Amino acid sequence: MNAAPAPAGAAAPAIEIIGVTRRFLTPEGTFNTAMRDFSMTVKRGEFVCVVGPTGCGKSTTLNLVTGLVTPSAGQVRVMGEPVTGIDRRVGFVFQSDALFPWRNVLDNVAAGPIYRGVAATHAEAKARAWLARVGLSDYETLYPHQLSGGMRKRVALAQTFINEPEILLLDEPFSALDVQTRTVMQDELLWLWSGTQASVVFVTHDLEEAVALADRVVVLTASPATVKTVHAIDLPRPRVMSEIRYEARFVEIARRIWDDLRAEVAIGQRHAIAVPSGAAP
Amino acid sequence: MTAQAAAAITTGDGEFSLGKLEERDLRAQQRRSGIVNALRIAIFVAVIGTWEGAAATGWIDPFFFGRPSGVAHQIWEWVAEGTAQGSLWAQMAVTLEETVLGFLIGSVAGVVCGIALGRNRFLADVFSIYIKVANSIPRVVLGSIFIISLGLGMASKVALAVVMVFFVVFANAFQGVREADRAMIANAQILGASPWQVTTSVVIPSATSWILASLHVSFGFALVGAVVGEFLGAKRGIGLLISTAQGAFNANGVFAAMVILAVMALGAEFIITSIEDRLVRWKPAALNEPGA
């Protein structure tokens with residue numbers, strides 16, 4: 001698994017995580033190993049889903065790529081270059097509601113370009129175009145609390161996509177939505193993504209979601225996280241989320257991956273019961 | 001009010017005519033607010049009436065406890081003829097100026113220090129012990145020091161008001177910064193915000209409701225600082241009015257000054273609330289208390 005880093009340049013994969021170990025210092029002064037000898041590669045334009053048991057360190061994977069977390073050992077490369085800080089080519093959609101509640105919808109979407117120094121009028125025009133794309137043109141003056149959960153997620157997607165990220169990271173973005181809204185948002189995400197060349201890492205605990213969306217599914221072990229298996233998903237695109245779940249091929253793949261995941265989930269649950277506070281074992 | 005049954009009411013669902021149930025709900029709501037207002041007036045009348053009655057019948061001695069009519073008369077006298085120290089308006093202006101100055105300086109300093117320390121974990125760890133110590137001192141005592149060092153003029157009162165306000169606002173601004181949502185800050189960083197942009201566009205807005213909450217309390221504290229300062233030694237102001245009345249065993253005078261201070265505090269409260277309403281318009285209505 002510990003492949004040598006690919007050379008930098010056009011040929012380099014979008015993301016390489018090479019033999020990464022990450023330990024966190026707990027407030028009690030002990031160290032908690034979140035991931036051990038973790039290796040994973042995302043090719044350009046690829047949609048990779050990461051599934052694993054609760055609390056196994058899935059989110060840490062994403063934070064390594066953003067540069068918000070640095071590895072204790074090993075290497076993280078984005079487009080062939082080592083990650084040194086927050087990369088401008090990276091976009092991130094959060095699990096929780098990370099919209100700015102004091103800004104209206106338009107200003108939320110325009111935030112990225114304005115932070116990056118684009119003139120306000122230009123940023124707003126761009127934001128309007130993205131709001132039109134996610135179907136929220138009529139809501140630009142509303143505040144986040146006035147929107148439904150699904151609408152807030154659309155704003156979050158527009159807020160991320162407006163920066164035209166080459167690497168898109170999503171941390172269980174739809175886990176708080178009801179099942180029907182989630183299906184709609186999955187379609188929306190695939191549609192938005194199809195208009196870009198972005199490479200995607202989508203973290204989820206929902207195996208069906210992973211299979212439905214991804215080109216490849218990476219199964220993680222229970223904490224400390226390391227890659228257990230990688231599965232290629234050969235379902236044809238474009239995919240329709242509300243239909244795909246009932247296809248025989250989908251069920252077959254999902255069952256195969258679940259066989260892998262089941263044991264890890266059981267271990268993860270035992271951990272969760274044994275260490276209720278989530279502290280180091 | 002049967003006419004209402006036929007009245008068309010426009011709602012989010014379009015127009016509809018009121019049914020029996022809606023009519024009842026509407027009437028119950030109107031009746032409730034009527035009852036609340038009536039009770040408020042009744043309580044005022046009862047308390048003032050009992051006080052006046054008790055004083056008139058000699059049950060309490062108005063020399064020591066004052067009486068409402070005496071208080072009203074005292075206020076009228078001050079308004080019409082001025083006080084021993086000059087016109088009432090001048091006294092109010094002096095106290096108000098000290099309060100507002102102390103409030104502004106104290107809250108600006110508190111906000112700036114609270115945000116600076118809240119954003120810097122290291123500084124916060126270093127200074128937290130001293131802040132705890134300073135916060136535990138009854139700060140009114142500092143008034144004596146200020147009178148000694150800054151004299152009987154306005155400066156000593158402003159200084160006391162500043163000290164009263166600073167710690168309250170500081171503690172709230174600090175806490176508000178600390179409570180700023182981690183995901184929201186990370187979101188801004190990844191969207192491209194610099195550390196300064198994170199502070200101005202995420203941390204400060206999310207601390208605003210904490211800071212505004214502290215401003216409500218701290219205007220009152222500024223007033224306490226100014227009045228206590230005048231109490232300890234001054235040439236003008238409402239606090240001096242109170243200590244003069246106290247020296248003359250004029251209970252009505254003390255109460256009259258109290259009423260004037262209450263009016264000033266309520267006026268300031270009203271202004272702060274309307275500023276707050278403008279600043280936190282983005283908030284869900286349920287979190288903003290409806291004006292009582």
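Q: What makes strand β9 (residues 216-220) of chain A largely enclosed by the rest of the structure?
A: This is a predicted model, and in it four of the five residues of β9(A) are buried, so the strand is largely enclosed. A residue counts as buried if 20 or more other C-beta atoms lie within 10 Å of its own.

Q: How do you know that β9(A) pairs with strand β3 (residues 47-51) of chain A?
A: Pairing needs at least two bridges between the strands. Four bridges join β3(A) to β9(A), and the two run parallel. Within this pair, A:V48 stands opposite A:R216.

Q: How do you know that β9(A) also pairs with strand β10 (residues 227-232) of chain A?
A: The rule again asks for at least two bridges. Five bridges join β9(A) to β10(A), which run antiparallel. The partner of A:R216 in β10(A) is A:A232. β9(A) and β10(A) form a hairpin, with six residues between them.

Q: Why are β2 (31-42) and β5 (81-82) of chain A said to stand at the edges of their sheet?
A: The open sheet has four strands in the order β2-β1-β4-β5 (chain A), with antiparallel pairing. β2(A) and β5(A) each have a single partner strand, so one side of each is left without a neighbour in the sheet.

Q: What makes β1 (residues 15-25) and β4 (residues 73-78) of chain A a pair?
A: At least two bridges are required, and five bridges join these antiparallel strands. One bridge has A:I15 with A:V78 of β4(A) as its partner.

Q: Which strands does helix α1 (residues 58-66) of chain A touch as it packs on the sheet?
A: Helix α1(A) touches β1, β2 and β4 of chain A. Its direction makes about 110° with that of β1(A).

Q: How many residues of chain A are in contact with chain B?
A: 19 residues of chain A are in contact with 15 residues of chain B. α2(A) gives the most, with three residues. By class, the side of chain A that touches chain B has twelve nonpolar, five polar and two charged residues.

Q: Why is B:L18 called partly exposed?
A: A residue is buried with 20 or more C-beta neighbours and exposed with 12 or fewer. B:L18 has 16 inside 10 Å, so it counts as partly exposed. B:L18 is found in the loop between β2 (14-17) and α2 (20-56) of chain B. Its C-alpha atom is separated by 52 Å from that of B:Q197, 179 residues apart along the chain.

Q: How does the radius of gyration of chain B stand against that of a compact globule of 292 residues?
A: Such a globule would have a radius near 19 Å, but chain B has 25 Å. The C-alpha atoms of chain B fill a box of roughly 70 × 65 × 30 Å along the principal axes. Chain B is divided into domain 1 (3-60) and domain 2 (70-287), and the C-alpha centres of these domains lie 35 Å apart.

Q: How many helices and strands does chain B have?
A: Chain B has twelve helices and two strands.

Q: What share of the residues of chain B count as buried?
A: Of its 292 residues, 32% count as buried.

How values were computed. Residues numbered from 1 in each chain as written. Chains lettered and ligands numbered in written order. Predicted model: local features only at pLDDT ≥ 70, side-chain atom pairs only at ≥ 80, totals over all residues. Contact = placed C-beta atoms within 7 Å. Axes fitted to C-alpha atoms, helices over the stretch in contact; angles between N-to-C directions. Nonpolar A, V, L, I, M, F, W, Y, C, P; charged D, E, K, R; others polar. Domains from an automatic or database assignment. Rg over C-alpha atoms; globule rule 2.2 N^0.38 Å.
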